Amino acid sequence: MIEEVASSGPAAAGEAFTDRYRDEFMAQVKAKNPGEVEFHQAVAEVAESVQLIYQKRPELAKARIFERMVEPERQIMFRVPWVDDQGRVQINRGFRVEFSSAIGPYKGGLRFHPSVYLGIIKFLGFEQVFKNALTTTPIGGGKGGSDFDPKGKSDNEVMRFCHSFMNELFRHIGPDTDVPAGDIGVGGREIGFLFGQYKKLTNTFTGVLTGKGLGWGGSLVRTEATGYGLVYFVSQMLQDMGMDWKGRKVVVSGSGNVAIYATQKVHELGGKVVAMSDSGGYIVDEAGIDLDTVRRIKEVERGRIREYVDARRGAQFIEGWEGIWTVPCDIALPSATQNEIDGKAARTLVTNGCKAVGEGANMPSTPEAIDIFQDSGVAFGPAKAANAGGVATSALEMMQNSMRLSWHFDEVDRRLRVIMNDIYKQCTDAAEAFGKSGNLVAGANIAGFTKVADAMLAQGVV
Ligand code: NDP
């Protein structure tokens, strides 16, 4: 057994993960990763839970597991040059952060959005490590993307960009190494172009990306999985509160992949989604959002949510996405982007009688917002547990690819439901075991961290 001794820092002196240690640790994370505020936020949130774990498991503190976890195993940044429809050369920046392979190949989506920089990819990759551990499937954590904005680009421009992106990425990924998927700005079209170029460059047809088309290796339910999984998870939360979806008013932010399929499942279960949004503003339809109209605008025409009111009399469009949280609801499902619910929005939701929040997006609530929900008795399902259905179904896609077979829709949906129930149970059990009964934030962090930490301990200092 390798003797793992900290060379410096409080752990070297045998000090437990005290408040002082935590502050020093966070100061180091900030100094080593300057300006990456989203990454700092994601680490700080997990640090609170690690403090509890280290008290019970001093061997993890001694092996400096958390200190190792915040350092990605590998970070790749690269130039992505491409030519637009006017013949001009454009240059974007590409990223892949391979965070942890402790329990399986790196796995996590690609985000194409102008706001992407290293700090966003690192926060997403870090969260992904714990989320993937919770899914009960053998996948490590990673994330990637680019500051490329697919909005307003022609299909040919998107294709040229994706091909150029893959010209570098292909050498770092593989079905047993790193398996990317979609995220904001990366849907079926982009995955197709990326997969095509990977196949051409490597002369292999493998499950190297998930979210593939159904005719070429994709899995049924993958498109719906994050939204459906979110609703399955929140169903468990509601059940513990003696509630269900029937007749409940629901607000879902965003109108992309996660938001659309969360809305579909809420409607199936008897709830009524009354508001959705995009980065330009939000729509309110008290009669219940007509999902066919949203899907036509967003999935077929790639239009803007404001166009909804042209088709639905009685619906309203309001400029500015932030206002969506002023719409009264029983249940809120933030499914657009990080930090979209701040303290003020959280207070408004609480005042308006919101009883449960399930995070569809990654880190959509600020730390202040989470405190407000928890202090007000609002049931709160954190992203790394509540939105894990997407990556879990990606893992099911990988299994089907390996076996070269396809399961039926009902079979994948059944497995997804089992996984979401299992994640919920892991979170509640871990919270209970650590004296944080009902706190799903602590529960998700503890359960996810412990699984990865035990694997790291077993594998020694690598
Ligand atoms: P999409 O690109 O399909 O949709 C994103 C939606 O959010 C769009 O309506 C978009 O509006 C809106 N949005 C994006 N950025 C902003 C912003 N800064 N302010 C307001 N609205 C914004 O992405 P997904 O649905 O796939 O992803 C949504 C969230 O869910 C992300 O946080 C992602 O990381 C997370 N997630 C996704 C998974 C998946 O399987 N797809 C899995 C787990 C988590 P607009 O079109 O105007 O930009």
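## Overall architecture

The secondary structure of the protein consists of 17 helices and 12 strands. Its radius of gyration is 21 Å, close to the 23 Å that the globule rule gives for 462 residues, so the protein is as compact as a globular protein of that length. This description rests on a predicted model.

Along the principal axes, the C-alpha atoms occupy a box of roughly 65 × 55 × 40 Å. Of the contacts between residues at least 6 apart in sequence, 71% link residues at least 24 apart.

## Burial, surface and charge

Of the 462 residues in the protein, 57% are buried.

The protein carries 52 positive and 57 negative charges.

## Cysteines

The structure contains zero disulfides. Cysteine 329 accordingly takes part in no disulfide, and the nearest cysteine sulfur, which belongs to cysteine 354, is 4.5 Å away. For a disulfide to be assigned, the two sulfur atoms must lie within 2.5 Å. In general terms, a disulfide is a covalent bond between the sulfur atoms of two cysteines.

Cysteine 329 is buried, with a relative accessible area of 3%. Cysteine 162 is also buried, and its relative accessible area is 0%.

## Glycine 145 in strand E4

Glycine 145 belongs to strand E4, which covers residues 141–146. With a relative accessible area of 0%, glycine 145 is buried.

Beyond its neighbours within four places in sequence, glycine 145 is in contact with Arg93, Gly94, Phe95, Leu110, Arg111, Phe112, Val116, Ile121 and Phe165. Isoleucine 184 is 39 residues from glycine 145 in sequence, and the two C-alpha atoms are 9.3 Å apart in space.

## Glycine 448 in helix H17

Glycine 448 is located in helix H17, which spans residues 440–459. The relative accessibility of glycine 448 is 0%, and this residue therefore counts as buried, the limit being under 20%.

When neighbours within four places in sequence are set aside, the contacts of glycine 448 are with Phe130, Ala133 and Leu134. Tryptophan 407 is 41 residues away from glycine 448 in sequence, and the C-alpha to C-alpha distance between them is 28 Å.

Note on methods: Residues numbered from 1 in each chain as written. Predicted model: local features only at pLDDT ≥ 70, side-chain atom pairs only at ≥ 80, totals over all residues. Heavy atoms only, no water. Helix = DSSP H or I, 4+ residues; strand = E, 2+ residues; numbered from the N terminus. Rg over C-alpha atoms; globule rule 2.2 N^0.38 Å. Buried < 20%, exposed > 50% of the residue type's maximum accessible area, 1.4 Å probe, protein only. Contact = heavy atoms within 4.5 Å. Lys, Arg positive; Asp, Glu negative; His and termini not counted. Charge placed at Lys NZ, Arg CZ, Asp CG, Glu CD.
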